[in-house]
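Trainee: Hi! Could you walk me through the charged pairs in this one?
Mentor: Happy to, let's bring it up.

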Amino acid sequence: MDVVESTLTEEEKWYFDLRGYLVLEDVIAPEELQRMLAVIEHWLAVDEREIPAPLVRHRQEPYKTHIDHIQYGHELFQNLALNEHIIRVVSGLLLNAPRLFHCNFTHMDKGAGEAWDFHRDDSGFKFPYGFRNPHNDYQTSNGQIYCSHLVTWIALADVPQGTGFTVVPGSHKSSFRAPEWLTVESDPTIVDSVSLKAGDCIVCATSLLHNAKPWTEDYPRMNIFQRFQLSAYFNETGKGGYPLDEYRGQISDELYELESLSKETKGVVRRVLDRFSLKELTERHAD
């Protein structure tokens with residue numbers, strides 16, 4: 001697989017390597033966000049039998065509801081999966097070979113909750129401590145970053161400081177076990193709770209210690225998770241991985257390609273490479 005020039009600026013590389021995540025502001029326009037919320041509110045309100053397959057609505061906890069595979073239910077969420085601003089960063093962290101393998105919406109109401117432990121994500125197989133997990137790897141070389149498992153956390157409602165996605169910065173490179181006392185409520189000089197405006201997005205290494213703080217606002221926390229892995233050879237077999245061929249007609253060719261295993265440069269990546277120049281991006285960041 002040929003590796004083309006990174007789609008990340010040098011500042012983005014430095015920040016992600018240092019902390020393990022990046023915040024992208026305003027990836028969803030306000031009018032598009034309102035349309036998304038209207039569709040989601042409908043899916044939350046109707047009888048489950050009225051939700052278009054293959055979407056699945058289910059409860060994880062008394063105050064948390066998920067809707068899985070939302071990109072198969074409406075073009076708005078297809079477009080979000082192909083969002084050029086998100087794909088630019090994801091591609092830059094996956095050697096320009098990303099594959100979308102998971103997507104869902106989460107609705108969380110205010111509820112009782114104790115301090116939650118941090119965790120790292122994996123692909124179901126637990127490697128012995130000290131081994132590198134190829135499904136959840138992080139490397140840098142020759143001006144490139146390779147992060148084989150990424151999550152995007154896209155806010156559909158404002159997330160005030162101290163209520164949202166929470167990480168231990170830099171822990172994606174840690175070689176030592178975290179102390180048992182470490183939770184999302186630990187010392188804020190160690191733990192980052194990331195505040196977001198509706199329409200903002202976090203791109204995060206899943207090897208970073210992370211979780212979300214208990215939600216305390218009077219309105220629901222609403223966000224969309226997208227997970228990406230290297231397209232060339234990783235596959236989430238046995239976990240309902242994408243693409244869902246039975247519903248092939250409900251997504252675009254470009255999204256089907258993004259969800260598929262491939263060693264070729266995908267259409268959405270080529271589009272991102274054509275649209276963004278590093279010179280432009282660097283100047284924009286400097287402003």
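Mentor: One term to start: buried means under 20% relative accessible area, exposed over 50%, and partly exposed in between (1.4 Å probe, protein chains only). This is a predicted model, where local features need pLDDT of at least 70, side-chain atom pairs count only at pLDDT 80 or more, and totals for chains, interfaces and linings use all residues. Residues are numbered from 1 along each chain as its sequence is written, and side-chain values use heavy atoms, with hydrogens and water left out.

Trainee: Got it. How many salt bridges are there?
Mentor: The count is 14, taking a salt bridge as a side-chain nitrogen of Lys or Arg within 4 Å of a carboxyl oxygen of Asp or Glu.

Trainee: What about Asp121 and Arg227, buried or exposed?
Mentor: Both Asp121 and Arg227 are buried, and their side chains form a salt bridge at 2.6 Å, N to O. Asp121 sits in the loop between β4 (98-108) and β5 (138-141) and Arg227 in strand β12 (residues 221-230), so the pair ties together parts 106 residues apart in sequence. Strands here are DSSP E runs of at least two residues, numbered from the N terminus.

Trainee: Switching over, which residue does Arg49 pair with?
Mentor: Arg49 forms a salt bridge with Asp47, with the closest N and O atoms 2.9 Å apart. Arg49 is exposed at 75% relative accessibility, while Asp47 is partly exposed at 35%.

Trainee: And which residues are linked in a network?
Mentor: Salt bridges link Glu84, Glu254, Arg271 and Arg275 in a network.

Definitions and conventions. Helix = DSSP H or I, 4+ residues; strand = E, 2+ residues; numbered from the N terminus.
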